Amino acid sequence: MTRMTEPPPFDASFQIDQGALVKAVELLATHAPLGEGPDLAKLPSKLPSVGVDETALVSALAKLVLSGGFDLGGPVSFAHMDPPTPWLTWVMTLWNARLNQNLLHPATSPSARLLEERVVSWLAPYFGMSGGHMVPGSTTANLTALWAARDVGGATEIVASDTAHVSIEKSARILGLPFRRLPTDETGRLIADSVKNVENACLVLVAGTTSTGAIDPLSLSGRAAWTHVDAAWAGPLRLSDHYTSRLDGIEAADSVAVSAHKWLFQPKESALIFFTDTQAANAALSFGGAYLAAPNIGLLGSHGAAAVPLLAMLMAWGKQGLADRLDRCMAAAASFASFVKGEERLELLGEPHTGVVVWRPRNVDIDMFYASLPSGLASQTSIRGSRWLRCVAANPNTDIDAVIAAVREAISRVY
Ligand SMILES: Cc1ncc(COP(=O)(O)O)c(C=O)c1O
C-alpha cells in the first residue's frame, strides 16, 4: 500500500546522540562547581523565537549551570543538610529522564512502580513500619502523614514542639486542624513533661531538628491518637549499628518521614513516608478515577521514578556501605564539636546528637566572623532569639582538618 502522506521528518531531539552525551559527561568532569552563580547577561532576556544547535548549547550552559553551582562535596562543605550525590545516582537520573516513567499509571511505569515497592520494603522495617511510598520531600511526607493522622487516626489537633519544622504547621493549616506548640529545652528537644492531653491529637516528634539536630523523646510514641515521627534528617541513622539506638522508640509511631535527599545521599526530590498500617493509610489516602488503572495513593499525581537512584545506591553500597558513610559524617561532627569545645574563643551549644554542630564565636560580631569563613562551611540559625552558627555533617568527604584550619584562620583575622 502506498502512503497518502509523507512520513514526518525524523526528529533527532528524541533519539540517543551518543557523542553528545559523552561530551556532556566530559563537561561534568571538567566544570567544577565554583559557586559563582550564573552570569545572567549571557542568557536571552526573552524566550528565543528560534533555537540553536543542541550540542553547542550544552557546552555553553556548562559554565552557567555547572560552574555556577555550589559544590556540596567540597572539603569544607559543612553547612547544610544537602549532601553530595554519588555518581551512580547521576546515571540513574539520566536513565529516568530518558524513560520519563509516570508512577501514576502501571502502563507507563512497568518497572518503576515495582522498584519503588522493593526499596520501600527494604527500608520500612528499620523504622518498624510495614510500607509506604516515595514523595518529593519531607514537607510532602509530613503532610501525607498528618492527612492519615486525621482520616485514619481520627486526630483533631496537631501537637509538636516549637522547634518542629515549618511543614508541620503548614500541614495543620492545609488540613484545617488546630496546631499546638509545646516547649523545648535549650538544645531544641521537646520537653517530655509538657506532652499532655494528646489522646485526640496527632503528636509529631522530630528525629533531628532542623536547627540543632535534637531528637525528641521518641519513647512518647504511641501515647497520642496518632504519632508521626519527622525523621527527615536523622532517620537514616537507624541503619547504622553505632547510632540506631538513638532512634529507639520510633518503631511505636504510626508514621515516619525520611528525606532521601538529605542523609540518604539522593538527588532532589526524594523522600519516603512510611506507615505502620500501610493498608489502612493507603485506603484513606487513595482516589480512583475513570482513567486510572490503579488507585492514586497520596498527594502526588504524575510522579517519577525517584526510587531508581536510591535502589542503585543501596545495592552498590549495601547497608554497611551506607552506615560507614553516616558514621564518617558523625565522626566529623564529633571532631569539630571537640575542637570548638577546646577553643576558648568559641562556644558550643551542646554535643551533636545527629551530626549537627551549633556553635558561635564569643565576644565578637557574629556577622563579621561568619563573613571570614569560607562559603559553605557554616550556616546561620537563630535559637531562642539568639544567633548561632550551624555545621551539618551531610558530606562524607568533609576534610575536618581543613574545616578547623579555616575556622582558626577566621579567628586569627577577627580577634
Ligand atoms: C526536621 C525537618 N523536617 C522536614 C523538613 C522538610 O524536608 P524537605 O526539605 O525534604 O521538604 C526538613 C528540612 O530541612 C527538616 O529539617
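F70, L72, S77, F78, A79, H80, D82, G376, V392, A394 and N395 surround the largest cavity in this structure, which is a predicted model. The volume of this cavity is about 40 Å³. Its lining is made up of 6 nonpolar residues, 4 polar ones and 1 charged one.

The structure has 2 cavities of 30 Å³ or more. Around it stand L123, F127, P236, L239, V258, L264, L272 and F274. This lining has 8 nonpolar residues, with no polar and no charged ones. Rolling a probe the size of a water molecule over the atoms shows where empty space is left.

V392 lies in strand 13, opposite V356. Strand 13 covers residues 386–392 and runs antiparallel to strand 11, residues 356–361, with 4 bridges joining the two.

Both strands belong to an open sheet of 4 strands, ordered 10-11-13-12 and paired antiparallel. Strand 10 (346–348) and strand 12 (379–383) form the edges; each has a single partner strand, so one side of each is without a neighbour in the sheet. From one strand to the next, the twist averages 40°. In general, strands of a sheet pair through backbone hydrogen bonds, either parallel or antiparallel.

What lies across strand 10, strand 11 and strand 13? Helix 9, made of residues 307–342, does so, and runs at about 130° to strand 10.

Terms used: Residues numbered from 1 in each chain as written. Predicted model: local features only at pLDDT ≥ 70, side-chain atom pairs only at ≥ 80, totals over all residues. Heavy atoms only, no water. 1 Å grid on protein atoms, 1.4 Å probe; cavity = no way out; pocket = protein on both sides within 12 Å on 5 of 7 lines; lining within 4 Å. Points joined across faces, edges and corners; volume = space filled by probe spheres on them. Nonpolar A, V, L, I, M, F, W, Y, C, P; charged D, E, K, R; others polar. Pairing = 2+ DSSP bridges. Axes fitted to C-alpha atoms, helices over the stretch in contact; angles between N-to-C directions. Contact = heavy atoms within 4.5 Å.
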